[in-house]
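Okay, thanks for having me.

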Amino acid sequence: MSEAEEKKGPSKKELKKLAKKAQKDAAKANAKSGGGGGAASSNNNKAAPTTTAATTKSAPPSPPVYRLANVPSSLTAALNDACTIKACMGAILFSQKLLPGSSTSSSLPFLHGPALLYGDAAATTAPVVAFGGNGILKALSGQSVTSTTDDWLEFERAELRPAVGSGNQKKIDKALDKIVAALEVHGVSVVGTEALSLADVAITVTLLLSKSVMTTDLPPSIQTYVEITQNSSAYKQTKSLLSTLLPPSTSYDPTNPSLIQAASAIFAGAIFTTFPMAQSLGIEIKAFKCKDIKHGDYQCNVAMPLFQKLKAAGALPSGVNTPQQVAQAIIDSVSVENPVLCELTVNGPGFIMSRIKEEYLVRGVNEIITRGAPVKPKCCDAAANDEDMSGVVVDFSSPNIAKEMHVGHLRSTIIGEAVCRILEYSGKNVERVNHVGDWGTQFGMLIQYLKEEYPNFHEDIPNITDLTAFYKNAKSRFDESAEFK
C-alpha cells in the first residue's frame, strides 16, 4: 500500500450505519427485481460478469476532471521528478482537482513520463491532453500563455535543464545570469511583478531539484527567487497531493511475509480491475483478520463505502444496484490462480470473507525450514530509500540509580530490548541508550542525609538495606528544608 501513505478507513460505527443502509438498499432492489441480490454468495472463481434483473435509470454524466498518469511508483522517486512536482503545483496554484490516472503504456507506448488526462470522472479511460512538466502546467492554468512566458518555458526546457543536467558550471552560470538579469527588472518573477507564474514554477522547480545548483553559492537574487517557491503553500502542499496520485500497490509480493499485505494486494488488484474509479475515491483498501474464524481468515470491508461513493458520483456500472453486488463483482475478478486467497464469499450487507490457501501456508513453512528464518521485512518510511540503513536510537529502562531496582524495571528493559532486536532484524543500525538522568542530585541528597542522621557512620555503620525507605526519608528532608539543599 502506498504513503499516501495512509488514509483512515471507516470506523466500526460508520460501517454499521453503512451496513444498515445497504440492507435497505438491497431490500428496495430486491422488491424491484423480484428478489435475489441480497443473499450470501460464494466465489467459484469464474470470470462471469455480475448480472441482475433490475433495470436502472442511466446516471447523469459526471463532470470532466484532470488525471495524472504515469506517476513514479514510489514517493521518493515522485518527489524528485520535476514533471510530477510541476503538475502538482499547477493543480494547487490554479485550483484544479487532480486525480490519479491509469497508465498510457498501451495507448501511447512512446510516452514514459507523467501525462495529463482529461475526461469524465466515471470513465475508465480518458484522452491525453498534455505531457511534459511545462505542457501540463500550461494545460492546468486554463490560460492563454503570452509569448514572453512561452519563451521562458522554452528557456527552461532547452537551456536551463540541459545545463543543470550536464553539471557544466560554465553553462549553469550562463543560464543563471539570464535569470538574474530578468529578476533585476521584475523583482520576484522573470515575467512580471507577481511571483509564481508558470515560468517561475518551471524554473524554480528545476533549480530546487538540482543538487549541483543548490549546494553552490547562488546569487542573492536567485536564492530569494528559489526560496519564494520553496516557502510557498503550494510547494508545501505538493507532497500531500502527490501521495494521493501514486499508483496503488496491487501486485502480490512473495518476498513479503505479511499475510495482511498479501491478502490486501489480491483484493486491491480485483477492486481496481472491476472499479477503476475506486483509486480516486480515497477509500482504504485493506484486508482485516476475521474476528470469528468460522466466517473466514481475512475479510475486506470496502464494498459498502465503495458503493456509496460510486452511487454519489453517478458511476455505478450497469446492473450493480447493491453493496452485495459490488462485493460479488470484486470476488468474480479474483482469479482462481491467485496464490493467496480461496473460498471467497459475500457475507451480510457486503463483507467479503476469504480463506488463506493451504499451499500458501505450506510454502511459507517450507521456506522457514529450508532458510532457517522468514524473509526479513523492510523497515523504512514511505519517503525513505528502500536501502536506507540509518541509525535508530532506542532509550529504555533508565532506572533511578539512587533507588533499589524492582521487577517493574524488567518490563521496560525487556520491551526495549525486544524493540531493538526487531529493528536490527529489519536491517537498522540500533543504538541502545540507558539514560540515568541527573544522578548527582540524588546521591548528594543521600550523602547529606547519611551525614546528618548517622554522623559516626564510619564507626557505627547504619543498616540501609531498605534503600527505598532511606531514599524517601532523604527526599522528604530535601523537599522540606532549604538548609538541607
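So, β7 and strand β8, residues 351-356, pair in the antiparallel sense over five bridges; strands here are DSSP E runs of at least two residues, helices are H or I runs of at least four, both numbered from the N terminus, and two strands pair if DSSP finds at least two bridges between them. Asn-347 stands opposite Phe-351 in β8. Before I go on: this is a predicted model, so local features need pLDDT of at least 70 and side-chain atom pairs pLDDT 80 or more, while totals for chains, interfaces and linings use all residues. Residues are numbered from 1 along each chain as its sequence is written, and side-chain values use heavy atoms, with hydrogens and water left out.

Back to the sheet. Its four strands run in the order β5-β6-β8-β7, open, with antiparallel pairing. From one strand to the next, the twist averages 30°. Helix α11, residues 259-274, lies across β5, β6, β7 and β8, at about 35° to β6. Contact, by the way, means heavy atoms within 4.5 Å, and angles run from 0 to 180 degrees between N-to-C directions, with axes fitted to C-alpha atoms, for helices over the stretch in contact.

Asn-301 is buried, at 13% relative accessible area; buried is under 20%, exposed over 50%, partly exposed in between, using a 1.4 Å probe and protein chains only. Its side chain makes a polar contact with the side chain of Gln-299, at 2.8 Å. That term means a pair of N or O atoms within 3.5 Å, one able to donate a hydrogen and the other to accept it, and residues adjacent in sequence count only if both atoms are side-chain atoms.

Next, a helix pair: α5 (residues 147-166) and α6 (residues 169-186) pack at about 145°, axes 8 Å apart. Among the residues that meet are Trp-152 and Phe-155 from α5, and Ile-172 and Ile-179 from α6.

Last stop, Ala-474, in helix α17 (residues 467-480). Ala-474 is buried, at 0% relative accessibility. Leaving out residues up to four places away in sequence, Ala-474 touches Met-445, Leu-446, Tyr-449 and Phe-484. Gln-442 is 32 residues away in sequence from Ala-474, and 9.1 Å C-alpha to C-alpha.
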